Amino acid sequence: MDNLTVKLQGMSCASCASSIEQAIKSVPGVIECNVNFGMEQASIQYDSQKTSLATIQATVDAAGYKALPLPEMAADEDDNDRKNRKSESQNLQRKLWTAGIISILLVVGGIPAMTGLHLPFIPAWLHNFWLQLVLTAPVQFWCGKSFYIGAWKALKRRVATMDTLIALGTSAAYFYSVFVTFFPGLFIAQGLNSSVYYEVAASVVALILLGKTLENLAKGETSEAIRKLMGLQAKTARIVRNGQELEVPLAQVEIGDIVQVRPGEQIPVDGEVIEGYSTIDEAMVTGESLPVKKQIGDEVIGATINKTGSFKFRTTRIGKDTFLAQIVKMVQDAQGSKAPIQKLADEVTGWFVPAVIAVALATFIIWFNATGNITLATVTMVEVLIIACPCALGLATPTAVMVGTGKGAENGILIKGAESLELAHKIQVIVLDKTGTLTEGKPTVTDFVTIKGTANSNELKLLKFAASVERNSEHPLGEAVVRYGEFQEVILTDVKDFEAIAGSGVRGVVEGKSIALGTLRWMQELGFDTDYLELRAKAWESASKTVVWMAVEGKIEAILGIADALKPSSARAVKALQKLGLEVVMLTGDNRTTAESIAHAVGIDRIFAEVRPDQKAAKIQALQAQGKIVAMVGDGINDAPALAASDVGIAIGTGTDVAIAASDITLISGDLQGIVTAIQLSRATMRNIRENLFFAFIYNIAGIPIAAGILYPIFGWLLSPIIAGGAMAFSSVSVLTNALRLRKFQPKYIT
Ligand SMILES: Nc1ncnc2c1ncn2[C@@H]1O[C@H](COP(=O)(O)OP(=O)(O)OP(=O)(O)O)[C@@H](O)[C@H]1O
Ligand SMILES: [Cu+]
Ligand SMILES: [Mg+2]
């Protein structure tokens with residue numbers, strides 16, 4: 001299965017987006033397709049054995065649009081994109097000016113006739129029908145060309161889009177007027193007034209072009225988040241080659257290069273410190289506000305700023321593999337994804353347009369039959385067509401999602417898709433992993449007790465065995481034991497028959513002796529006598545320590561007490577989550593006493609302890625079976641299945657790649673406050689989407705009956721078609737303005 005993102009051209013509204021989506025989905029071999037109207041992109045999942053980019057492009061072509069492959073590098077794409085957008089917007093601006101000036105002339109020229117006033121500064125020839133006909137023609141057929149093209153394409157696919165509505169509405173106004181201009185006698189003979197509506201056709205086109213221009217401006221604004229992120233990148237790097245320092249463009253930096261960084265400089269790419277130490281401001285990438293200390297062996301992230309010291313590092317990731325480039329890619333993908341709520345909006349647009357055309361026709365027929373006045377019938381029909389245009393509907397969700405995901409990135413929260421952004425506000429239960437999530441995940445051995453004491457340097461020998469076996473383990477507890485062994489300067493030896501039993505411990509054979517290290521429960525399962533040290537172990541556990549039992553040749557010889565400090569943010573974040581109305585649960589493989597002690601320290605009441613890694617996902621599913629929307633927060637490889645099983649999987653960015661891949665949301669820094677922010681952001685975004693949908697609909701719903709002339713028999717009110725066009729443009733503008741309001745989102749600290 002392959003993934004592909006293409007740039008789309010020629011879309012005019014949300015129903016274009018859904019018809020492209022349908023077309024691509026109908027290609028054999030395409031598994032999934034998601035078109036984003038706001039981003040003008042389609043992300044496609046397909047089987048490269050069965051279909052290809054060329055086939056997909058041909059399909060999109062046939063549907064009347066264009067699909068272009070997105071260049072790999074984010075930076076190139078940005079350039080191309082900008083050029084395209086620029087020529088497109090210049091073209092649009094020329095049309096807007098033409099339509100705007102002509103509309104103003106026509107409207108002004110019509111004032112004396114409409115009001116019956118004699119205004120000397122408005123020459124009468126401005127109201128000449130023939131002049132109006134000539135002036136309106138370029139507006140109708142050049143400025144409004146895209147509506148005809150769009151309507152025609154839609155017709156070929158047997159659907160109706162907002163282009164259909166605009167093309168029908170303005171054409172009706174224009175050709176009716178042309179008819180009156182040629183045969184005024186026909187109307188006068190019937191006792192009807194021979195008004196023309198050229199200014200209606202022209203100003204509706206002008207207003208819609210204005211809406212489009214504003215929309216483009218807003219679209220440029222919303223991808224600001226990405227541009228900001230990419231702007232963070234350094235332009236050059238000072239690398240050391242053959243003992244010489246030289247400044248090279250970023251593109252020439254290779255993996256393995258040694259880079260020199262001075263105080264105040266930006267770190268160009270990702271790497272590992274090999275000389276010197278410093279503090280680094282990583283706020284722009286991780287959202288972590290305090291500078292982070294770095295020394296030899298520590299990882300540095302490209303785009304972060306070096307503060308105090310001067311150091312050298314070896315590059316490990318460049319180009320599109322850097323942390324920053326991956327964030328950019330992730331945010332782009334998320335901004336292009338579709339929220340479930342949008343599917344609803346799309347469906348509505350799908351049947352809305354044909355329904356409007358039906359209402360418009362009915363309006364015409366009813367008025368014509370009732371009054372015999374073809375002018376009245378035509379004008380009301382035109383109004384209905386124009387006011388009902390659902391263009392704002394297509395903007396309501398994508399704009400909010402774009403701003404919302406961008407805002408997330410700014411706050412160190414990477415949201416993989418609009419779906420997670422939408423779901424996050426519904427979370428009822430939040431399950432927190434203990435190690436690495438609530439705690440720092442940097443366990444240290446604090447206690448070491450052996451049964452036979454120090455006789456014959458027994459203690460050091462046991463430590464040597466323990467550290468030698470644990471050296472083969474990837475578990476943080478294993479690493480802690482190794483570090484402790486190294487600190488005590490024991491020499492590690494070879495291990496035979498190493499085996500790791502997930503959730504229990506490790507074993508292996510050292511110097512002919514079989515060694516086991518792990519939980520109390522495991523030792524008991526193995527049938528070892530643990531009585532002697534149990535009291536001591538309990539005391540350590542009550543102090544939040546994890547106890548690792550050590551058996552040699554089937555006999556318990558020692559225990560190690562391992563402490564893992566709580567993150568400073570944990571308790572506050574747990575409290576904030578509870579205040580948001582969420583149930584907070586702790587999930588851990590560690591023993592119950594240790595788990596309870598830690599849960600108590602951070603204020604969690606409900607815990608699942610001694611859960612084996614393969615049961616973690618089942619615990620989540622059990623909660624879901626109670627009808628709860630469950631979020632899981634974790635960092636380790638053993639959390640990945642649970643992250644995937646949960647409704648919203650939240651990974652800690654400082655954790656493993658596996659966990660990040662299995663999650664829906666990644667908190668770049670380890671700060672748990674990010675969970676609270678993510679939920680607040682989700683709530684804010686959903687509120688914004690609902691407001692947008694309201695703004696998009698209210699004009700249509702309220703406008704259609706008035707446009708159809710419902711109030712005419714009662715009050716003699718009839719909407720001017722110009723006002724109908726204005727209302728439609730205004731609904732787009734209000735949706736956009738509202739979506740941009742989301743940019744003011746600020747995480748709130750709950751205390
Ligand atoms: N390499 C190891 N050395 C010693 N003990 C181990 C080892 N691996 C696992 N254990 C024991 O098994 C227990 C459960 O391990 P597991 O990896 O499931 O959870 P954890 O990492 O302690 O906690 P969490 O689920 O919060 O990450 C550990 O608490 C530890 O006692
Ligand atoms: Cu519209
Ligand atoms: Mg763990």
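Ile258 stands opposite Arg314 in strand 13. Strands here are DSSP runs of E with at least two residues, helices are runs of H or I with at least four, and both are numbered from the N terminus. This is a predicted model, in which local features need pLDDT of at least 70 and side-chain atom pairs count only at pLDDT 80 or more, while totals for chains, interfaces and linings use all residues. Residues are numbered from 1 along each chain as its sequence is written, chains are lettered from A and ligands numbered from 1 in the order in which they are written, and side-chain values use heavy atoms, with hydrogens and water left out.

Strand 7 and strand 13 (residues 311–317) run antiparallel and are joined by 4 bridges; two strands pair if DSSP finds at least two bridges between them. Strand 7 (residues 258–261) is also joined to strand 5 (residues 236–241), again antiparallel, by 2 bridges. In that pairing Ile258 is the bridge partner of Val240. In a regular strand, side chains alternate between the two faces of the sheet.

The loop between strand 5 and strand 6 (244–249) contains Asn242. Asn242 is not a glycine, yet its phi is positive, about 50 degrees. Asn242 has a relative accessible area of 81%, so the residue is exposed (buried means under 20%, exposed over 50%, partly exposed in between, with a 1.4 Å probe and protein chains only). Glu511, in the loop between strand 18 and strand 19, also has a positive phi, near 50 degrees, without being a glycine. Glu511 counts as partly exposed because its relative accessibility is 49%.

Next comes ligand 1. Its surroundings comprise 22 residues, the closest being Glu470, His475, Thr588, Gly589 and Lys616; a residue is near a molecule if one of its heavy atoms lies within 4 Å of it. An N or O atom in the side chain of Thr588 is 2.9 Å from an oxygen atom of ligand 1. For Asp590, the distance from a side-chain N or O atom to an oxygen atom of the ligand is 3.3 Å. On its own, ligand 1 has 600 Å² of accessible area, and the protein covers 95% of this. Accessible areas come from the Shrake-Rupley method with a 1.4 Å probe, and for residues only the protein chains shown count as cover. Among the elements that give two or more residues to the shell are strand 18 (505–510) and strand 19 (513–518).

Elsewhere, Phe182 is found in helix 6 (residues 162–182). Phe182 is partly exposed because its relative accessible area is 47%.

Technical notes. Polar contact = N/O pair within 3.5 Å; in protein donor to acceptor, adjacent residues only side chain to side chain.
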